[in-house]
Structure formats: C-alpha cells, structure tokens
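Please keep the sequence and the structure in view while reading.

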Amino acid sequence: MSERLFTDVLVIGSGPGGATTAAMLVENGFEVTLVEEGKHLSVDDTTSYSLDEMGKKYRSGGLNSSFGATNVTMIEGRCVGGGSEVNAALYHRPQESLLDSWRREFKIDGFELSDLEPFFERVEKDMSVSKRPSGVGGASIAIREGADKRGWSSGEIERFWKYEEGEDSTEGRRQSMTETMIPRFLKKGGRLLSGVRLQRLKCRDGVAKSAIGCRLDSGQKLSIDFNVVFVCCGAIQTPLLLGRSGVRPVGDTLQMHPMIRFAARFPTEVNDPKYGVPVVQIDEFKPEMTLGGSYSSLPHLALWLGHSVPDREKKLESWRQMAVFYVAVVSKGHGSIRRLPILGEPLVRFPVSDADMGALGLGVKRMGEALFEAGASEIYHPNTGAPIADPSGLAELGGGLPRSGAAVSTIHLFSSCQMGERDDCPLDSWGALKGTANIYVNDSSVLPTSPGVNPQGTIMAIVRRNVAHFLEGRISYKR
C-alpha cells in the first residue's frame with residue numbers, strides 16, 4: 001500500500017542548501033517538509049574520516065567516480081546535513097572580482113556586491129565562523145613556514161566551528177547542518193523525512209504537482225503533493241532528479257575542483273590528530289590553485305603514501321612525523337550528468353584536461369618546494385609513491401602529472417544547473433527553473449562557475465539570497 005502526504009513547500013535534500021532553505025521557509029510561516037535519502041545521524045554517531053563514517057554518511061561509501069581519460073573519485077554526502085557532516089568545515093568568501101564576473105557574464109539580477117554582503121554576514125553569524133582560538137597544529141605550521149620562506153602569502157582559514165569560553169584549539173564543535181539549521185527547522189515545526197528517496201516529480205504544463213518515491217527501510221511507496229518544490233540534492237543528484245522528471249534538459253555544465261593528495265615526511269613530529277584537518281593554506285596562487293593539508297590519520301597516510309615506498313611499514317611506525325597534503329585546481333573543462341537506462345543512476349563524465357594535469361603537477365612541485373623549505377626530509381610522488389629527497393626531484397612534476405596512476409579526486413562539485421538570465425542558463429537569477437511555475441533549485445548546482453575555494457560558504461549565502469527573494473514575492477500557488 002502506498003502512502004500519500006501533502007505539504008505547502010517540499011524541500012528535497014538536507015545539505016547546506018536544503019537545510020538552509022527549509023529553516024528559512026518554516027521560520028517565515030510556511031508548512032515545510034524536508035526529505036533526505038540518507039539517515040539522520042549526529043556528528044557524534046561516527047568518528048570523523050573513519051571507514052564507519054564513510055559507510056554511514058557518504059554516497060556509495062565514497063566510491064563514486066566520474067568517467068573520462070582520467071577518472072575522478074567523487075565524494076558526496078548522503079545523510080541528514082549532507083556534505084556539511086563530513087567536510088573540513090572550512091569557510092571562504094570568494095574573491096569579489098569573481099562574484100562581479102558572475103553577475104556580468106551570466107546576467108544575474110540583484111547580484112551586486114552590496115546585495116550579497118548581508119547574506120555572507122548572516123552565514124558567518126549563524127554558523128559561528130571563527131579561527132582557532134589558541135594556535136594551529138604542526139602540519140599547518142609547516143605550510144605557513146614553507147610559504148614564508150618561499151615568499152608566498154598564506155593564511156589560516158576560518159571554519160564553521162563553535163568554541164565555548166575557555167576551550168582551546170583542539171576542542172569546540174563543528175557547526176554542521178545537524179547542529180544548526182536542522183534543529184532550527186524542527187523547532188519551528190518542520191517535518192523531516194529521512195531514509196526517503198524521491199525519484200521524480202510529476203509535472204503537467206510546467207507545474208510540478210507531486211514527488212514520487214519510497215521509504216528505503218520498508219520499500220513502501222510514497223507520494224508527496226505540494227504547492228512549491230525546492231530541489232537541493234547537490235550538483236549530481238539535482239540534475240539527475242530533474243532529468244528523471246522530464247522537465248528541462250540540465251546537467252551539461254558540471255564543474256569541480258580536481259585534487260591530488262600526497263604524503264611528506266619530517267624529522268620531527270608534525271601530525272597531531274586532535275588538530276584534525278590543517279587550517280593553513282597557501283593563498284599565493286588562488287583562486288586557480290589551492291595548496292593545503294589534508295586529514296592525516298594512520299589509515300589515511302597508508303592510503304596516500306603508496307605501496308612502492310621502500311620500508312613502507314617501518315616508515316608508518318613513525319607516522320606522527322608524516323602528514324598528507326593536497327593541491328586543488330580550477331578545472332578548465334566541464335562535465336555532464338546522464339541517467340543510466342533501467343538503473344536510473346547517474347553516469348558522470350568529466351574530461352580532466354591536459355591543462356588540469358599540468359596544473360596539478362605544478363601544484364605538487366610548488367607544495368613540495370614549500371615543504372622542503374619547512375624541513376621535510378621526503379616528499380612522496382603522488383603517482384608512484386617513490387620518495388623524493390630534495391627539491392631537484394620535483395622538477396619533472398612541474399611539467400604535469402601523467403594520466404596513468406593519477407589518483408585524482410574531488411570533494412567540490414557545482415555548476416550543473418547555472419543561474420542567470422543568459423539564454424543557456426536553466427535557472428533564472430533567483431534559482432527558479434525556467435519554463436516551470438513552481439520548481440526551484442537551491443544548492444551547489446546554481447553556482448555559475450567554480451568559486452576556486454571551499455564552496456559551502458558561497459552556497460549558503462546565495463541560497464539565503466534566493467529564499468529571501470522568494471519570501472518577498474510570497475506567491476501562493478494553487479494545485
């Protein structure tokens with residue numbers, strides 16, 4: 001037997017876009033149902049960056065991949081709170097010149113810097129954006145020292161993190177959606193349905209009437225009627241759902257930040273797990289290239305060190321002298337998302353270009369140079385794991401990484417449903433799906449191009465802007 005529900009506004013997806021959308025709407029008097037495919041877990045239900053967390057909070061255990069000459073491993077959150085529950089919680093505002101170029105090139109109304117400023121400020125307040133109150137860990141210090149010696153700018157990145165009075169840098173609490181927007185949503189009477197997969201929207205003459213899916217634990221079919229729907233499933237799942245619904249061709253403009261990780265060894269301890277992800281990044285080459293540090297637990301070091309390192313197991317015995325670092329670049333290409341026949345799952349194609357591989361190699365060279373300046377004794381080649389003992393061994397990497405053996409990954413996906421008044425944008429300036437009366441998109445999909453930084457802060461500010469515009473209209477849709 002199928003189940004049928006009704007709501008005024010349906011929000012599909014509970015990541016930073018969906019949770020913010022749902023909380024703002026319910027706090028302004030709308031009856032809102034928020035639907036999430038994954039489970040409702042707290043930040044304490046799993047250990048950060050563990051296999052348990054990957055199994056419970058990541059889509060497909062973190063093993064999704066795009067297809068192309070070089071495959072890219074893509075990490076997507078699949079739980080209440082989405083990616084905010086598993087990411088490094090780093091906060092950036094994008095460069096003002098980039099925001100201005102989005103406004104001009106994509107013809108986005110109401111997108112002046114003065115229009116956006118209040119929404120960034122609200123995000124920073126609501127999410128307790130802050131720096132560590134009492135210093136940073138050893139890997140962060142190494143990045144900063146290496147950058148200084150190279151004459152490059154660097155800085156500590158703020159985080160979505162809340163500290164109580166007197167807490168030091170190793171304490172505090174990540175301000176994910178289950179810590180912030182989800183409780184606000186529930187407090188005002190919002191209805192949260194987790195473990196529910198909505199597969200398509202039923203539409204007629206440009207008006208969406210209901211969403212069809214099922215409860216994953218029981219398989220019970222579910223239909224939700226609504227007046228308005230906000231699709232906030234992320235850069236992959238949003239165009240997939242819209243494609244299954246047949247409302248408009250979307251998903252041909254996917255962009256991402258390709259990333260390469262590698263390990264480095266120091267003569268002294270630089271790795272203290274209680275500091276988590278290093279918070280210092282090299283700013284010199286932003287937004288085209290970001291150089292920083294990654295989580296460096298023993299299992300992560302074993303993964304990124306590679307198997308061809310001489311005396312690998314012995315080196316890992318002194319794992320506190322090692323850390324994982326990364327290079328992330330702005331890709332010059334864009335990918336596509338298609339629905340696989342019968343299965344209905346996404347087929348993601350992304351052509352990592354020769355220019356991208358060149359930039360990644362140059363980034364490894366630059367980061368390696370900085371780490372040697374900071375006292376590193378060995379850098380491990382990101383393709384082979386072979387030890388590099390001095391800066392001269394980095395020279396060949398400056399020409400680019402070979403495609404074979406390159407473990408390219410990404411945690412930043414966006415721009416698959418770009419917003420703007422340009423004819424090729426599927427969304428208008430405020431996230432409304434063109435050609436429809438009551439379908440909105442409000443997540444990472446709407447970003448016009450790559451922000452060149454961790455995108456969560458940008459996404460949440462634009463989402464707030466779009467919901468504020470919707471609230472100003474207060475349009476009442478009739479079924």
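## The enclosed cavity

Helix α5 gives the most to the lining of the largest cavity, with three residues. Helices here are DSSP runs of H or I with at least four residues, strands are runs of E with at least two, and both are numbered from the N terminus. The model is a predicted one: local features need pLDDT of at least 70, side-chain atom pairs count only at pLDDT 80 or more, and totals for chains, interfaces and linings use all residues. Residues are numbered from 1 along each chain as its sequence is written, and side-chain values use heavy atoms, with hydrogens and water left out.

A cavity is a set of points, on a 1 Å grid over the protein atoms alone, where a 1.4 Å probe fits but cannot get out; a pocket is an open set with protein on both sides within 12 Å along at least five of seven lines, and lining residues have an atom within 4 Å of a point. Grid points are joined across faces, edges and corners, and a volume is the space filled by probe spheres set on the points. By this rule there is one cavity of 30 Å³ or more. The largest cavity holds about 150 Å³ of space. It is lined by 19 residues, and those closest to its centre are Ala139, Asn271, Asp272, Gly276 and Pro278. The lining divides into nine nonpolar, eight polar and two charged residues. In this grouping, Ala, Val, Leu, Ile, Met, Phe, Trp, Tyr, Cys and Pro count as nonpolar, Asp, Glu, Lys and Arg as charged, and the others, Gly among them, as polar.

## Ser140 in helix α5

Helix α5 covers residues 138-150 and contains Ser140. Is Ser140 buried or exposed? Ser140 counts as buried because its relative accessibility is 2%; the term buried means under 20% relative accessible area, exposed means over 50%, and partly exposed lies in between (1.4 Å probe, protein chains only). Apart from its neighbours within four places in sequence, Ser140 is in contact with Pro278, Val279 and Val280, where contact means heavy atoms within 4.5 Å.

## The second largest pocket

The second largest pocket holds about 430 Å³ of space. Of its 28 lining residues, Ser48, Arg159, Trp161, Gly172 and Arg174 are the closest to its centre. At least two lining residues come from each of α2 (51-57), β8 (158-162) and β9 (173-174). By class, the lining has ten nonpolar, eight polar and ten charged residues.

## Two helices that pack on α11

Helix α1 (residues 16-27) meets helix α11 (residues 456-473) with axes that come within 9 Å and cross at roughly 30 degrees. Axes are lines fitted to C-alpha atoms, for helices over the stretch in contact, and angles run from 0 to 180 degrees between N-to-C directions. On the α1 side, the contact includes Pro16, Thr20 and Met24, and on the α11 side it includes Met460, Val467 and Phe470. By class, this contact of α1 with α11 has nine nonpolar, four polar and one charged residues.

Helix α4 also packs against α11, at an angle of about 120 degrees and with the axes 9 Å apart. This crossing of α4 and α11 is right-handed. Among the residues that meet are Phe119, Phe120 and Val123 in α4 and Ala461, Arg464 and Ala468 in α11. The contact of α4 with α11 has seven nonpolar, two polar and four charged residues.

The buried residues of α8 are His300, Leu301, Ala302, Trp304 and Leu305. These buried residues pack against β15 (259-265), α9, β18 (322-329) and β21. Gly306 follows α8 and has a positive phi, near 90 degrees.

Asp311 lies in the loop between α8 (298-305) and α9 (312-317). Asp311 is not a glycine, yet its phi is positive, about 55 degrees. With a relative accessible area of 56%, Asp311 is exposed.

## Other loop residues

Ala376 belongs to the loop between α10 (354-373) and β21 (378-380). Ala376 is buried, since its relative accessible area is 9%. The C-alpha atoms of Ala376 and Arg265 are separated by 5.7 Å, although the two residues are 111 residues apart along the chain.

Pro287 is placed in the loop between β16 (280-282) and β17 (289-293). A cis peptide bond, with omega about 0 degrees, joins Lys286 and Pro287.

Terms used. Left-handed = near helix turned anticlockwise from the far one by under 90°.
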